[in-house]
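I opened this notebook to keep track of what I looked up, entry by entry.

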Amino acid sequence: MEETKDIYRDRWSEALMIASGTVIPSAHDVNEALTLVYGQVKRLEQGHPRPGETLRSAAEAQHSLWSLIDAMRESMRCDLGVTDGLPHSVIPNREQLEAMRHDFGGTEEQ
């Protein structure tokens, strides 16, 4: 998992250098959500979960990333001119991201 995280971090840094302003907000949402889920998984792995963190909640958090990933994909397609604007259904779900921040972000360092 650490090797994959390191590779992802490098790709994320590269993406920030070339992504357009259309893509960066939704990509940032995905990156933040991934970081929150990663923190939860690491705490579980280390045997120090926060209250309510279980393997099941980690799996559910991972599954919930798909809607954010879909929004990012659509913003990329829009940026490339493949679609005409973002349909309302794929505008990043701020409430979902805020819920993830609340559930997994906490105040402790990840």
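Entry on a helix pair. I began with Arg-11 and Glu-14, which both lie in helix H1 (residues 2-18), 3 residues apart, or about one turn of the helix; helices here are DSSP runs of H or I with at least four residues, numbered from the N terminus. Before going on I noted that this is a predicted model, in which local features need pLDDT of at least 70 and side-chain atom pairs count only at pLDDT 80 or more, while totals for chains, interfaces and linings use all residues. Residues are numbered from 1 along each chain as its sequence is written, and side-chain values use heavy atoms, with hydrogens and water left out.

I then looked up how the two side chains meet, and found a salt bridge between Arg-11 and Glu-14 at 3.6 Å, N to O; the term stands for a side-chain nitrogen of Lys or Arg within 4 Å of a carboxyl oxygen of Asp or Glu. Arg-11 is partly exposed at 48% relative accessible area, and Glu-14 is partly exposed at 45%, where buried means under 20%, exposed over 50% and partly exposed in between, with a 1.4 Å probe and protein chains only. Searching the whole structure, I got 10 salt bridges.

In helix H3 (residues 55-80) I found Asp-70 and Arg-73, 3 residues apart and so separated by about one helical turn, with their side chains joined in a salt bridge of 3.8 Å, N to O. Asp-70 is partly exposed at 32% relative accessibility. Arg-73 also forms a salt bridge with Glu-74, at 2.9 Å, N to O. Through shared partners, salt bridges join Asp-70, Arg-73, Glu-74 and Arg-77 into one network.

In soluble globular proteins, nonpolar side chains tend to be buried together.

Last, I looked up what Leu-65 touches, and leaving aside residues up to four places away in sequence, I listed Ala-33, Leu-34, Val-37, Gln-96 and Met-100, a contact being heavy atoms within 4.5 Å.

Terms used
Helices (H or I, at least four residues) and strands (E, at least two) are DSSP runs, numbered from the N terminus.
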